[in-house]
Amino acid sequence: MIRVGTTRPITECIVCSSSELTPFLDLGVTPLANKFLTEDELQAPEPGYPLKVSFCGDCGHVQLSEVVPPIEMFEDYLYVSSASDTLRDHLYELSDVMHERRRLSADDLVVDIGCNDGALLKGFARFGVKTLGVDPAKNLAELERDSGIERYVGLFGSDSAGEIADRWGRADLITATNTFPHIPDLHDFMLGIDKALAPGGAFVVEAHYLMDMIDQGAFDTIYHEHVSYWSLGSMIRLFGQHGFEVVDAERVPLHHGQLRVTVQRKGDRAPESRVQGVLDAERDRGLRRLETFERFAEQTRRVKRDLTSMLADLQGQGSRVVGYGAPAKGNTLLSFLEIGPDQIEYIVDRSHLKQGLYTPGSHIPIVPVERLLEDQPDAVVLFAWNFVDEVLRQQAEYCRRGGRFIVPVPTPVEVGLDDAQPIPTA
Ligand code: ZN
């Protein structure tokens, strides 16, 4: 049973403070996407929060309409970067690129905000640079105690940044991968960056990219942890208010589309020409217009209709359907589509932290991946659809025996082994 929890409404744009906010998509009242439940917790009332998204008519920033207090979401965290091969490889690549570009030496400090299990910093540590992880997750700090990566356990902001700078010195490089969308108080966060960053230093942000979310119909990117859905245009607006500018911007294919942005203090370095290229593409794609987002909302409602009827058809044929992957975003999809264990018997996931638990709201059990071959269900809904190629390759045997995968967005389709893209050689 869902009990509606307390949220703080956003009445002014978190980037530009305008009150011209128009909600364009309402995904209902959903539990926190990372609050997986133990068996004992299944009977207790579960907090849920309204999940709605707004568009700022002044700066174009896309943001939640109401926010949940961050500490409720991040103190006990089940998402582990290293659980995915693709993500771990990607973070190592990021450390290679930034080590090279910034010419980091043994005296330089790299701070990773939202360091999770330290996967990115382990990449930097290979080069002998000093590293510090910042993350409020106490469970991950405990888990990674012996990893050799120093940690500050807490949220990053102007106060903690002062403390960090006093204790570890100022950073030559600060990174925030996938945590930048989490931050409700962006201005306090940027004051923190200014305190913690050494003169000439760079701040690198990687976040899911609004353009890709729209192009892919990836409404499941939306959940309470993600307060912001970033475009380059709204980042530039934010950083400019704090004396910073974007000097580089690149689109990265991870998770089906991220934006990697390098930020420095104004005047430190001339911006790369591709910054303007990304901005032009955003304008051409209509990212500054409300209609673009209204169309996205319509497409989202269509996925609900189509997938619901697809699952009903399978059930009518007596097919057994399960799920693959229990990422946070899968829970947006499950909640919005009102899918439960009647439609999806169980979900397999590689993360040992999640096995044995149940999905929030929908209460579907999570079991080890081996179950797929033991059981050979008829169809598998791929909630981790951004890893479709990785999953199809790993589950080749399940497919060979006649198993099918259903990719839910942007339009629900069945895929098999023949649809897997070859492993990129570059
Ligand atoms: Zn705004």
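Is Val15 buried or exposed? Val15 is buried, with a relative accessible area of 0%. The model described here is predicted.

**Val15 and its surroundings**

- Val15 sits in the loop that runs between β2 (8-9) and β3 (21-30).
- Leaving aside residues up to four places away in sequence, Val15 touches Cys59, His61, Leu186, His187, Trp230, Ser234, Arg237, Leu238 and Gln241.
- One of these contacts, His187, is 172 residues from Val15 in sequence, yet the two C-alpha atoms are 7.9 Å apart in space.
- With a relative accessible area of 0%, Val15 falls under the 20% limit and therefore counts as buried.

**Helices α5 and α6**

- Helix α5 covers residues 158-168 and helix α6 covers residues 186-196; the two pack at an angle of about 15°, and their axes are 7 Å apart.
- Because angles under 35 degrees count as roughly parallel, α5 is roughly parallel to α6.
- The crossing of α5 and α6 is right-handed.
- On the α5 side the contact is made by Ser158, Ala161, Gly162 and Ala165, and on the α6 side by Asp188, Leu191, Gly192, Lys195 and Ala196.
- By class, the residues of the contact of α5 with α6 are four nonpolar, three polar and two charged.
- An α-helix has 3.6 residues a turn, so residues three or four places apart point the same way.
- The buried residues of α5 are Ser158, Ser160, Ala161, Gly162, Ile164, Ala165 and Trp168.
- The cover over the buried residues of α5 includes β7, β8 (130-134), β9 (150-152) and α6.
- Just after α5, Gly169 has a positive phi of about 90°.

**Helices α8 and α9**

- Helix α8 (residues 232-240) and helix α9 (residues 274-285) have axes that come within 9 Å and cross at roughly 120°.
- At that angle, α8 and α9 are therefore oblique to each other.
- Leu232, Gly233 and Ile236 of α8 meet Val275, Val278, Leu279 and Glu282 of α9.
- The contact of α8 with α9 is made up of five nonpolar, one polar and one charged residues.

- Strand β14 takes in residues 258-265, and eight of its eight residues are buried, so the strand is mostly covered.
- Strands of a sheet pair through backbone hydrogen bonds, either parallel or antiparallel.
- Strand β11 (residues 197-208) runs antiparallel to β14 and is joined to it by six bridges.
- Val205 stands opposite Val261 of β14.
- Strand β13 (residues 244-252) also runs antiparallel to β14, and eight bridges join the two.
- The bridge partner of Val246 in β14 is Val263.

**The six-stranded open sheet**

- Six strands form an open sheet with mixed pairing, in the order β17-β16-β15-β18-β19-β20.
- Its edge strands, β17 (366-367) and β20 (413-415), each pair on one side only.
- Strand β18 (residues 379-382) and strand β19 (residues 404-407) run parallel and are joined by three bridges.
- Val380 is opposite Phe405 in β19.
- Helix α10 (residues 290-316) packs on this sheet and touches β15 (321-324), β18, β19 and β20.
- The direction of α10 makes about 160° with that of β19.

**Backbone features in loops**

- Most residues other than glycine have a negative phi, and most peptide bonds are trans.
- Arg103, which is not a glycine, has a positive phi of about 45°.
- Arg103 is in the loop between α2 (85-102) and β7 (109-113), and its relative accessibility of 70% makes it count as exposed.
- Asn178 is another residue other than glycine with a positive phi, near 65°.
- Asn178 lies in the loop between β10 (171-177) and α6, and at 22% relative accessibility it counts as partly exposed.
- The peptide bond from Val409 to Pro410 is cis, with omega near 0°.
- Pro410 is placed in the loop between β19 and β20.

Notes: Residues numbered from 1 in each chain as written. Predicted model: local features only at pLDDT ≥ 70, side-chain atom pairs only at ≥ 80, totals over all residues. Heavy atoms only, no water. Axes fitted to C-alpha atoms, helices over the stretch in contact; angles between N-to-C directions. Helix = DSSP H or I, 4+ residues; strand = E, 2+ residues; numbered from the N terminus. Parallel < 35°, antiparallel > 145°, perpendicular 65-115°, else oblique. Left-handed = near helix turned anticlockwise from the far one by under 90°. Contact = heavy atoms within 4.5 Å. Nonpolar A, V, L, I, M, F, W, Y, C, P; charged D, E, K, R; others polar. Buried < 20%, exposed > 50% of the residue type's maximum accessible area, 1.4 Å probe, protein only. Pairing = 2+ DSSP bridges.
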